[in-house]
Amino acid sequence: MTYHGKHRERRAGLWHRRAWSVAALIFLTGLLGIPLLGLAQDAAGTAATVAYRDIPQLGGSRNIIWVIAQQHLLLAGFVLGVPIFAWVCEIVGVRTGDKRYDKLAKEFTKLLTSAYATTALFGGILLFMLLGFYPKLMAYLTDIFFPSFVVYCALFLLETVTLYLYWYGWDVMQGGGKKGLHLFLGLLLNVFAFFIMIVPNSWATFQASPVVVAEGSALARAWAATWNPTWWPVNVHRLIANVVLGGFICGAYAGMRYLSANTHEERVHYDWMGYVGNFIGVFGMLPLPFAGYWLMREVYQYNQQMGITLMGGFLSWLFILQAFLIGVLFLGANYYFWLGITHRIEGSEVKYRRPIMAMLVILLLCLGVWMTPHSLVASLEEARKMGGTHHPLLGVFGVMSAKMTVVNIMILVTFMSFIIYWRAGKQVTATWAKVAQKVMGGVLGLAAIVVIVLGVWGYFVPAIVRINYFSVAQVLIVLFVLVTITPPAHDLDGLRAVFVAGTLAHLRRDARLLPVRLLAGPGLRGGIHVIEHVRVLSAGGLHFLGGHHGG
């Protein structure tokens, strides 16, 4: 009876999986069959005379293309972003000898292989939809970009082979000199992924900022169309955005695995994986607005009317929604840091309550200014009461001078929140480190003051001065802060002992090798900043991941 019961359960599970497979196949077949509906509308004409097909019953061809392209773009962003920090984690594991980084890199790559096939599937669907709905446009793009189509196909083939060699050769290439070969495969994977990203970007940016394509060879025409004004701004913006997307998705995956973990060791691992994923996402998110600013600046220089339509015309409300979504990301990242400070480090809730409240108020005020529209959709009576389409108060906050200022302030506040999270629970004993902390605080405060002064000054200068000088200066100041403060903030305790307080504290990698060095050793050198689960016992010993070490 038990055997037959198990057999029935296996058959039921098999039929359940087959049912899902059949349903997925029917769904995909339906997607591929959508262009046939549009083709039926033009059956009377010849294929050569059809320039455009539409299916208004399903929301129109533009919306169909948008949905499918968005799914492909999200998956592609994850697939192109994850190899970067997976490869970096593997390098860190090799240099430090810490096997956890190798395990983390392998788990990142495992997510990559799962998403790769789905990305290719949506890319194929998108291609068939474009050919079906926009045959004339695709014929024109093919005539110009055919050499890059061939390059893209070769890159896609190379990346596919490299990815599966990198994944399936992970365990085989661990010993001897094979690890170097595996790292080289990871490098090739990232190189191919980068070029796979920038080649299709040229097809899209050419449509946004077309250039004159003169007569010449096929390669010359393709290169002239590729090197358009918005190509490199989009390349940089997408590269950073892919890293941010990949980091946050890996952090979310780690959070789900943490909640479903059954053992203490699994929870420790996925807690650390979530920390690494969020660290990557936040540090990528900080410079991302600068890349977006560069892109819009190039759009304005290419065609001022196009920029006005995007940010001041009927599409401007999309930027308001974008500001809201980005603000939620900033608030979520800061909330993660604040939770880590107040709930992981004993006694920190009282110590950091006021700074956290101040940072929250600043972030909410900045987000409110960022979301303020320059002009309101108002009735004739409302416009008369306001004295025009621009509200006398809101109009002040709706211009780019105010928005650029608050964006930079939000970046500085988030960076300061991260530094506090990074350093919380540590008491450095080196005198130079204490001075360095004060200097870093002064640099952050001075940078915020200068950014605000330039933002207010921007109201009283011509737009060309504000765009070319003041906004650029704000960006450079914030980038200078990020670049100069991060290294010393990470290694203030590199030469002297560190006292660690709290149930969950930030430790250096080699501290666990000899716990007494944690309190009185000559120095903690090397290693990478990680999170360890530590309990200070009443007897003075230290409890590391289930093991006890006397103090």
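**Close-ups of a predicted model**

**View 1. Helices α7 and α9 run past each other.** The axes of α7 and helix α9 (residues 288-302) come within 9 Å, with a crossing angle of roughly 160°. That angle is over 145 degrees, so α7 is roughly antiparallel to α9. As for handedness, α7 and α9 cross in a left-handed way. If you want to trace the contact, start on the α7 side with Trp232, Pro233, Val234, Val236, His237, Ile240, Ala241 and Val244. Their partners in α9 are Leu288, Ala291, Gly292, Trp294, Leu295 and Glu298. Like the other views here, this one shows a predicted model, not an experimental one.

**View 2. Helix α6 has a buried face.** In α6 (residues 218-226), the buried residues are Arg221, Ala222, Ala225 and Thr226. Look down the axis of α6 and these buried residues fall within an arc of 135°, so they line one face of the helix. An α-helix has 3.6 residues a turn, so residues three or four places apart point the same way. And what sits over the buried residues of α6? The cover includes α4 (135-168), α5 (178-208) and α7 (231-260).

View 3. Is His269 buried or exposed? Its relative accessibility is 10%, and buried means under 20%, so His269 counts as buried. The side chains of His269 and Glu107 are joined by a polar contact of 3.0 Å. Setting aside neighbours within four places in sequence, His269 is in contact with Lys103 as well as Glu107.

Conventions:
Residues numbered from 1 in each chain as written. Predicted model: local features only at pLDDT ≥ 70, side-chain atom pairs only at ≥ 80, totals over all residues. Heavy atoms only, no water. Buried < 20%, exposed > 50% of the residue type's maximum accessible area, 1.4 Å probe, protein only. Polar contact = N/O pair within 3.5 Å; in protein donor to acceptor, adjacent residues only side chain to side chain. Contact = heavy atoms within 4.5 Å. Helix = DSSP H or I, 4+ residues; strand = E, 2+ residues; numbered from the N terminus. Arc of directions from axis to C-beta. Axes fitted to C-alpha atoms, helices over the stretch in contact; angles between N-to-C directions. Parallel < 35°, antiparallel > 145°, perpendicular 65-115°, else oblique. Left-handed = near helix turned anticlockwise from the far one by under 90°.
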